[in-house]
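Please look through the structure below.

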Amino acid sequence: MRLWLLRHGEAEPRARTDAERSLTPHGRDEVTQSAAHLQGRPLQAILASPYLRAQQTAELVRQALGFAAPIETVNWLTPDTDLRDAMLYLDRRSEQELLLVTHQPFVGALGGWLVTGSRGDALPMGTASLAELEGEQLAAGLMSLASLRHSR
């Protein structure tokens, strides 16, 4: 299995609510750069946080890849989701190439936990950072970090 973790691109510092923060022009460029690393990958699904900046990020990736399926919006991909709750949902997925578009601190914590098995070893995920994890099973400490790319 291959799990891709993408943090949204740079967003406006303020909006009426955190969930309504939109990508900046620089954030859109960051996402486009990250999407290039997914070219040719056989993604089977794109799951995204319901927050505006994550939805915009996922849509930019979908367009860049020519991905035909719709983006799946999942409410548990928000900044403060509990890792156990996320794993309950992910355990039900059957895809072998899956992209999650989400936020810090969740994205770093999830990646670190899947690789090291420790909740304290978060991956350093800046805006539009893309982590590639692979393994036989999606479980804490059983995946390896194949690559970690940061936007410029």
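Q: How do the axes of helix 1 and helix 2 lie, and at what angle do they cross?
A: This is a predicted model, in which local features need pLDDT of at least 70, side-chain atom pairs count only at pLDDT 80 or more, and totals for chains, interfaces and linings use all residues. Residues are numbered from 1 along each chain as its sequence is written, and side-chain values use heavy atoms, with hydrogens and water left out. The axes of helix 1 (residues 25-36) and helix 2 (residues 52-65) come within 9 Å and cross at roughly 45°. Axes are lines fitted to C-alpha atoms, for helices over the stretch in contact, and angles run from 0 to 180 degrees between N-to-C directions. Helices (H or I, at least four residues) and strands (E, at least two) are DSSP runs, numbered from the N terminus.

Q: Why are helix 1 and helix 2 called oblique?
A: Angles under 35 degrees count as roughly parallel, over 145 as roughly antiparallel, 65 to 115 as roughly perpendicular and the rest as oblique. The crossing is at roughly 45°, and helix 1 and helix 2 are therefore oblique to each other. Their crossing is right-handed; that word applies if the near helix is turned clockwise from the far one by less than a right angle, and left-handed if anticlockwise.

Q: Which residues make the contact between helix 1 and helix 2?
A: Helix 1 contributes Arg-28, Val-31 and Ala-35. Helix 2 contributes Gln-56, Thr-57, Leu-60, Val-61, Ala-64 and Leu-65. Contact means heavy atoms within 4.5 Å.

Q: What makes strand 3 and strand 6 edge strands?
A: Two strands pair if DSSP finds at least two bridges between them. The open sheet has six strands in the order 3-2-4-1-5-6, with mixed pairing. Strand 3 (72-73) and strand 6 each pair on one side only.

Q: Where do the parallel and antiparallel pairings of strand 1 lie?
A: Strand 1 runs parallel to strand 4, with six bridges between them, and Trp-4 has Leu-99 as its bridge partner. Strand 1 runs antiparallel to strand 5, with five bridges; there Leu-3 is partnered by Leu-133, and Arg-2 stands opposite Glu-134. Strands of a sheet pair through backbone hydrogen bonds, either parallel or antiparallel.

Q: What makes strand 4 mostly covered?
A: Buried means under 20% relative accessible area, exposed over 50%, and partly exposed in between (1.4 Å probe, protein chains only). Six of the six residues of strand 4 are buried. Glu-97, Leu-99 and Val-101 are buried on one side, and Leu-98, Leu-100 and Thr-102 on the other.

Q: Why is strand 5 described as largely enclosed?
A: Four of its five residues are buried, so strand 5 is largely enclosed by the rest of the structure.

Q: Which residues have the most contacts inside the largest nonpolar core?
A: They are Leu-3, Leu-5, Trp-76, Leu-100 and Leu-110, in a core of 25 residues. A nonpolar core is a set of buried Ala, Val, Leu, Ile, Met, Phe, Trp, Tyr and Cys residues joined through side-chain atoms within 4.5 Å. Helix 4 gives the most to this core, with six residues. Leaving aside neighbours within four places in sequence, Leu-100 is in contact with residues including Leu-3, Leu-47, Trp-76 and Leu-110. A second, separate core of 19 residues includes Val-31, Ala-58, Val-101 and Leu-130.
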